Amino acid sequence: MKRHYYWLGLAVLCLSAFAGCDASRGPKVAPCIADRVAWFAPDEVNLLPGPLLELQEQGRDYLLWLQPDSLLHFFRIEAGLAPKAQPYAGWESEDVWGVGPLRGGFMGYYLSGLSLMYRATGDERLLRRLEYTLSELEACRKAGGDGYIMAIADGRELFRRVAAGEIRTDNPTVNGAWAPLYLINKMLHGLRAAYVEAGQRQALTLMTSLADWFGYGVLDKLTDEQVQRLLVCEHGSINESYLDVYELTGELRYLEWAGRLNDRSMWVPLSEGKDILNGWHANTQIPKFTGFEKYYTHTGDVRFDRAARNFWEIVTTRHSWVIGGNSTGEHFFPESGFEEKVLQQGGPETCNSVNMMRLTEALFAQRPEARMAEYYERVLLNHILSAYDPCKGMCVYFTPMRPAHYRVYGSEDHSFWCCNQSGLETPAKLNRMVFTKQGRDLMVNLFVPAAVTWKERDISLIQQASMPESPEVTLILQTGRERDLGLLVRKPSWSPEAMLTLNGRVIVPETDSAGYWVVREPWSGADTLTIGFHPRVTAEKLPGSERYSALLYGPYVLAGRMGTDSLPASFWRGIDNGANNVIPMPARTFVPWTAETIASHVVKIGDDPLTFGFDGEEFRDIEIEPFYRVHFERYTIYWPVR
């Protein structure tokens, strides 16, 4: 087969750039296009008491509750080994939509969840689970003898037929098998985290073996057109995963394979700024663009950067709900469709927001902008934080936008939806975007209780925050020997007015082009910066509509508590994600105000916890709170207005 090296010249230049990381688990190749923003390691940022820390602890408990031998059941079968425990139910082993189970779908995120949570918390129990799981996967690799370690039913035969040119694809199947490339992507993603975050060398062996098995055994036997046909099926960010292997090994074949795994049906039109998304399965597309952005950083091909940025703009401005999530029933739709879709039960999918946050991180690292951090804040506080139940920490698949509706959550052992999969990793990453570093400057992106230690510079920062109850945020900065530091603090659009005081003295810092206050002071070694925000209740109309309006208080989406009439017997679902189980909503959802005036009728009725209500006499019994706090009852986010 003809090989394609037309872009490898730039890649060869990249080989001379080595990352200054721990050689035992760090990259061997750095991107050609360096990030402007760097991330703190998970163990350098600690969440402090608050909703995010509570969710992180629930996520850790669930990772420890899961039994690796049950998750390994089908991996051992495909390797010719006897399983050690029965498999879990739901998507792990039951037929779904007539395409079979998504066997092994949980494993990749289980590996990344264990690795990231261990790095974030230092809990040795997580490390022991990770080491055991990797040892079992290594046993599967040795038994199979060829590098294939997946749980896909008859996966070797499936891919043998693909390599021979027998490729029947739709979404979500290849030759009748459910999303096999997606499963490979998730496994590579999890193995990368085990190596990079938890230092497990065995994970790199498993990662390269699997990548080579698919690269040599399938990709090298297909023409580019055949590969593009294969990419019709959902494949996550498999292009990014091959770039991960390239970074960690420096072997150019992985960069070449990554280039062939870029889906032309998405990157070409989006690089030209075309919104072709209507009707497309949303979460099939979103992860690709993180891969496109990473491909840009390793090759310098600006078309892929344009594609990723145009996609982000289009999704966030034309296809998103007030909570930051996008799509309904898993598919994008035009702005004119919001009025129809708001009444449907399948609202934005949690997976979509997880992947949009990953894309935002990638774009922000290259070109930091306050509006990107503000979008991330919107999604984190209103979709992600609200998507986990407060009792068991189980994740929602869809978050209905339907007035007076309710949501259901995955069960611990009988759902294993895709959103539960990404939901394994998300609680370990809640600290990722709070603080970042830009050169010698420290950036504050999110106003949540957390602390960061910049080890290389002997600098620490504690952020005290209890929003939404208190609009005041306090930053306590400790500088050791080095005091050459700029503190860059995001200037949020939801508080046009704010007062900043440094050690009791009012300051008026400049705002940089990215939308951050720039505080450069002769630091004393122990300094306190206090920010007094002035959030207010605002209204945000349903896109393309004058008939519905949502309410926000600062960055928090508000929801009306609509009672517990006619709710399901259980809020935790098995294989059924609840999308097709609608118990009719109560009739009283209409409010007699316009989209422009509804916010003026909201009054505060409680400070701790912060609660609101309407001033209209017939609506005084409706309590309004930040959406993330409303669970196990009906809620209204979009109010039908006059």
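**Notebook: packing, salt bridges and surface of a predicted model**

I began with helix H13 and found that its buried residues pack against helix H14 (282-299) and helix H15 (302-318), where helices (H or I, at least four residues) and strands (E, at least two) are DSSP runs numbered from the N terminus. The buried residues of H13, which spans residues 264-271, are Met 266, Trp 267, Pro 269, Leu 270 and Ser 271; buried means under 20% relative accessible area, exposed over 50%, and partly exposed in between, with a 1.4 Å probe and protein chains only. Just after H13, I noted that Gly 273 takes a positive phi of about 80°.

Before going further I wrote down the basis of the work: this is a predicted model, in which local features need pLDDT of at least 70 and side-chain atom pairs count only at pLDDT 80 or more, while totals for chains, interfaces and linings use all residues. Residues are numbered from 1 along each chain as its sequence is written, and side-chain values use heavy atoms, with hydrogens and water left out.

I then checked confidence, taking pLDDT as the predictor's confidence in each residue, from 0 to 100. The chain averages a pLDDT of 94, and 95% of the residues score at least 70. Over residues 1-23, however, the pLDDT is below 50, and this stretch has 43 contacts in the model beyond near neighbours in sequence, a contact being heavy atoms within 4.5 Å.

Next I searched the whole structure for salt bridges and found 50, each defined as a side-chain nitrogen of Lys or Arg within 4 Å of a carboxyl oxygen of Asp or Glu. One of them joins the side chains of Glu 240 and Arg 358 at 2.9 Å, N to O. This pair links distant parts of the chain, with Glu 240 in helix H11 (residues 238-249) and Arg 358 in helix H17 (residues 350-366), 118 residues apart. Glu 240 and Arg 358 are both buried.

For the salt bridge between the side chains of Arg 371 and Glu 369, I recorded 2.6 Å, N to O, and Arg 371 is partly exposed at a relative accessible area of 41%.

I also looked up Asp 484 and Arg 440, whose side chains meet in a salt bridge at 3.3 Å, N to O. Asp 484 lies in the loop between strand E10 (472-479) and strand E11 (486-490), and Arg 440 in the loop between strand E6 (435-438) and strand E7 (441-444), 44 residues apart. Asp 484 counts as partly exposed at 49% relative accessibility, and Arg 440 counts as partly exposed at 41%. Elsewhere in my list, salt bridges that share partners join Asp 43, Arg 119, Glu 197 and Lys 455 into one network.

Turning to strand E18 (residues 548-553), I picked out Tyr 553, which counts as buried at 15% relative accessibility. Leaving aside residues up to four places away in sequence, Tyr 553 touches Pro 468, Pro 535, Arg 536, Val 537, Leu 558, Leu 610 and Phe 612. I also took the C-alpha to C-alpha distance from Tyr 553 to Val 379, which is 15 Å for two residues 174 apart in sequence.

Last, I looked at Val 508, which lies in the loop between strand E13 (505-507) and strand E14 (510-511) and is exposed, with a relative accessible area of 78%.
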